[in-house]
Amino acid sequence: MTHHRAPDHRELLRFITCGSVDDGKSTLIGRLLYDSQLIFEDTLAAITKDSRKHGTTGDDIDLALLVDGLEAERQQGITIDVAYRFFQTPGRAFIVADTPGHEQYTRNMATGASSASLAVILIDARKGVLTQTRRHSYICSLLGIRDIVVAVNKIDLVNFDEDTFDRIVGDYVTFASELGFRCIVPVPISARFGDNVSTPSGNMPWYHGPTLIQHLEHVDVAQDLAVRPFRFPVQWVNRPNLDFRGFAGTIASGRVAPGDQVVVAASGKTSRIARIVTADGDLPVAEAGQAVTLTLEDEVDVARGDILVHTADRPPVADQFAAHLIWMDEEAMLPGRSYLMRIGNIWTPCSITSIRHRVDVNTLEEHAARRLSLNEIGFCNFSAGQPIPIDSYEDNRTTGAFILVDRFTNRTAAAGMVAYPLRRASNIHHEHFTVDKAARAALVGNKPMVLWFTGLSGSGKSTIANIVEQALHRAGRQTYSLDGDNIRHGLCRDLGFTAADRVENIRRVGEVAKLFVDAGVIVLASFISPFRAERRMVRDLLAEGEFLEVFVDTPIEDCIKRDPKGLYAKAKAGEIKNFTGIDSPYEPPEAPELHLLTAGSTAEESANAVLEQLRARGIAC
Amino acid sequence: MQSTSTKAPLTPHLARLEAESIGIIREVAASFRKPVMLYSIGKDSGVMLHLALKAFAPGKPPFPLLHVDTTWKFREMIAFRNMMAERTGMELLVHTNPDGIARGINPIDSGSSLHTQVMKTEGLKQALDKHGFDAAFGGARRDEEKSRAKERIFSFRGPGHSWDPRAQRPELWSLFNTRIRDGESIRVFPLSNWTEYDVWDYILAEDLPMVPLYFAKMRPVVRRSGTWIMVDDDRLPLEPGETPEMRMVRFRTLGCYPLSGAVESTATTLPEIITEMRAAKTSEREGRLIDSDEEASMEKKKREGYF
């Protein structure tokens, strides 16, 4: 059967199909599988049975049922997640990402597009270019897809009309002119009946172009990655014995050969390639896409996360950069909040320092924004926890891409595409003062740290902190207190109490606390600080052992009863918005250094517990 | 296994799949505290094991193999498993669910559904918990079955190994999210993007050893539910009037022998198997009795913790 001869020469093509609801994506993919005879008899028997139960095509087999995989979505008649399908023709092997067209699933489309090199954009011939068509095209463009097929589907329902086809194609090309596509190929098809999918249609004598499959078989999407600058993200250090030390990874771009002079991009250490090791023997040369193990001529410090590059073609190294961001988490992105970034094989804390603009995916207009919600796209400035070699996503879809992960839920929260470095880390000199933190601390005989009191309003944070500070002061320890009174009226007086402002408030407090610690002082910070992420951020600003989280755990009923400033009464009356415990959440610490259950204790007793903890840490008080 | 000087280079397509899988396998070794590779002895496991050996050459894979033994595997599978462990020098862990044995669970009296649930799914979870593995490789492919087509390469499992298809992490580029907390784990599928064709083409290209059951041979079988069941030992009760007959058969997938249907075939070499497969009219899972139990049965099993 010639149909199933293995395709051996042309590279596998990964593409995605996108379109709005009911444009017929699943039917098209079902058709591709059916036409390439990949539907086995037992599978066909199963969907024939299902067609009667869930199908929408009357007595015909509903081809969409071939691909709508999960039980939940079959019942709803929609596709809720990215599915990957495989088929082969005599000319090529294909992987199709089937991605949903609903607005709330921009996330899934971006996921499918990230690994695709071509997009088939479906347009319903009866409806023409829709808002969703624009959105999908923009996302494809953003994710670096340069080859587009415009499949004008359901052409049978407009009587195979040439003018309708031409008008839709004209509309699309006009709109897409600013999206940077390299090639747009329009094909009139009927996925349901098969016209121009894999066999030329007899219903459209006016159309002389290729069928969809013919085009997909022949399109050349090679990115010539091998001639780009050499980038080798080190994935794993292979040390099976003392005589071998190799750096395993997959070449992201370019070519490498023994003898090449290479440099560790971030550290600047140089060496030469000694060997390219594989299980099948050493290679004389290796290029983009190959998974190899490199050894170097010198003992150079190289670890997972480092990138080896040619000395002659080094990327800029920066800890601040600009990038497009697609937000994918239910919990909105807030500037200043700390996330984990994975770029290449580096994991590093990272935060968005500002949102330059949000992009309206329907109109492509740019708007100001203070946060990004699920499925929103923004262009932002980033600050990473360490200097990173920066390639733009346009230059390199491997080294220029990153994800953000929520530090608490570990959910993948966003996908990012690097645009450019903002300032090179090599230009910021971290001046080496001869007087450093240790010297200052020694001068005042202190062990600097931050005591971070967190808890509800009225829980007794400041009261306890005051007693602790008095005791420390009496013992000759140099201290300073930070609380709402001395922060909110000055440093942070431009901030309110929205979630975004609370995050920024704590970020500033954290930075100030860090400076005090640097100056050798013990800081007592009393802030509601309701979010775990921000407390974690402050903890990360400081060295191990310098952050002592004290959870002042007072039942909210007691806080309301005390209500020292009358705030709960106002919040309940609706006069104050976003009040923690009333209409804004408090996330209790999961592992505080000290958990003070204040119910039934006096403030003095609680303060003593804190002092006890300090003595245990070697602070005389 | 690495003497390949006479071997023809892989096609660009297979070379690309191989490189992708090696990248995935290395990622697990680099990112997890205690990974394990599920080894189910079949062709997919065989390819996965070979890729792991390649990924860490000249060293050895830094994780053990785990076989969840239901005690109903073909005898030739067990012999092959032990041979491969010895040949690779990797540690082989074998686990059988003791509760299942105590309860007398077996595929014949208990039914395929309960047998699979207890001996495979529960057995697997026991083994993972016992050793505290935080990542487990499986040889599943996306082309096998519809709910597999939406599976991630790094598939997150909550406490108790639960799989929630609606709460999967988006997976972009090759930037896998490997972060988990205590009690959570990741199932990793390095062969996600391989098809059945690719697997056999690769076995041929790399000349990988395979369980002889994949090759046609005269074997004692009985006809049941439209398929041939091999009488591998005397535990298979014969129905009245049923007599094993010798037939030239082979298996497209391997599992517990009373649940694995054979097909009549004359293919005794790899090229013949490939030719036969390319002309096949039924999917490989047809021979697996466990999938046809009920609609969406795979999704259900996966939610419960099946691989």
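This is a predicted model: local features need pLDDT of at least 70, side-chain atom pairs count only at pLDDT 80 or more; totals for chains, interfaces and linings use all residues.
Buried here means under 20% relative accessible area.

**Stop 1: helix 5 of chain B**

Select residues 112-131 of chain B, which form helix 5. Its 20 residues reach 27 Å from the first C-alpha to the last, close to the 28 Å expected at 1.5 Å a residue. Now go to B:G123, where helix 5 of chain B bends by about 30°. B:G123 is also one of the buried residues of this helix. Step just past the end of the helix to B:G132, which takes a positive phi of about 70°.

**Stop 2: A:P564**

Move to chain A and select A:P564, in the loop between helix 13 (556-562) and helix 14 (567-572). Is this proline buried or exposed? A:P564 is exposed, because its relative accessible area is 63% and the cut-off for exposed is over 50%.

**Stop 3: A:P589**

Next, select A:P589, in the loop between helix 14 and strand 27 (594-597) of chain A. With a relative accessible area of 12%, A:P589 is buried. Which residues is A:P589 in contact with, leaving aside its neighbours within four places in sequence? Show A:T454, A:R535, A:E549 and A:F551. Finally, select A:V550, which lies 39 residues from A:P589 in sequence and 8.9 Å from it in space, C-alpha to C-alpha.

Terms used
Residues are numbered from 1 along each chain as its sequence is written. Chains are lettered from A and ligands numbered from 1 in the order in which they are written. Side-chain values use heavy atoms; hydrogens and water are left out. Helices (H or I, at least four residues) and strands (E, at least two) are DSSP runs, numbered from the N terminus. The expected span of a helix is 1.5 Å times one less than its number of residues. The bend at a residue is the angle between axes fitted to the seven residues ending there and the seven starting there. Buried means under 20% relative accessible area, exposed over 50%, partly exposed in between (1.4 Å probe, protein chains only). Contact means heavy atoms within 4.5 Å.
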